[in-house]
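Here is a short briefing for a reader who is meeting this structure for the first time.

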Amino acid sequence: MPAKVKTAFVWLVVIFLVYAIVQSPDRAAEIVKALADVIVNAFTSIGQFFGNLLS
């Protein structure tokens, strides 16, 4: 992908995220919390997997 197209795409994503947060901060907070829960659960599952391998 050309550098200018990539830069324009990144700016569009950033502008959209700022717009979404300003329009609905409560919904944005719920989405961030849900993403954090997914990440925490993924790392917990990976830890359990390797813990079971070593047991």
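Asp-37 forms a salt bridge with Lys-33, and the closest N and O atoms of this pair are 3.4 Å apart. The model is a predicted one, and a search of the whole structure finds two salt bridges.

**Salt bridges**

- Asp-37 and Lys-33 are four residues apart in helix H2, and so they are separated by about one helical turn.
- Asp-37 counts as partly exposed, at 38% relative accessibility, whereas Lys-33 is exposed, with a relative accessible area of 55%; the cut-off that applies here is that exposed means over 50%.
- Arg-27 forms a salt bridge with Glu-30, with the closest N and O atoms 3.4 Å apart.
- Both Arg-27 and Glu-30 lie in helix H2, which covers residues 25-54, and the two are three residues apart, about one turn of the helix.
- Arg-27 is partly exposed, with a relative accessible area of 48%, and Glu-30 also counts as partly exposed, at 47% relative accessibility.

- Helix H1 has 21 residues and reaches 30 Å from its first C-alpha to its last, which is close to the 30 Å expected at 1.5 Å a residue.
- H1 is hardly covered, since the count of buried residues among its 21 residues is zero, where buried means under 20% relative accessible area.
- A nonpolar patch on the surface has about 1,100 Å² of accessible area together, and its residues include Phe-9, Trp-11, Ile-15, Leu-17, Val-18 and Tyr-19.
- Val-18, one of the residues in this patch, is found in helix H1, which covers residues 3-23, and is partly exposed, with a relative accessible area of 47%.

**Overall form**

- The secondary structure of the protein chain comes to two helices and zero strands.
- The radius of gyration of the protein chain is 18 Å, well over the 10 Å that the globule rule gives for 55 residues, so the chain is more spread out than a compact globule.
- Along its principal axes, the C-alpha trace of the protein chain spans about 50 × 35 × 5 Å.
- Buried residues make up 2% of the 55 residues in the protein chain.
- The accessible surface of the protein chain comes to about 5,200 Å², and 75% of this surface belongs to carbon and sulfur atoms.

Conventions. Residues numbered from 1 in each chain as written. Predicted model: local features only at pLDDT ≥ 70, side-chain atom pairs only at ≥ 80, totals over all residues. Heavy atoms only, no water. Patch = residues over 30% accessible without salt bridge, like charges linked within 9 Å, V, L, I, M, F, W, Y side chains within 5 Å. Areas by Shrake-Rupley, 256 points an atom, 1.4 Å probe, with all protein chains shown as cover. Salt bridge = Lys/Arg side-chain N within 4 Å of Asp/Glu carboxyl O. Buried < 20%, exposed > 50% of the residue type's maximum accessible area, 1.4 Å probe, protein only. Rg over C-alpha atoms; globule rule 2.2 N^0.38 Å. Expected span 1.5 Å × (residues − 1).
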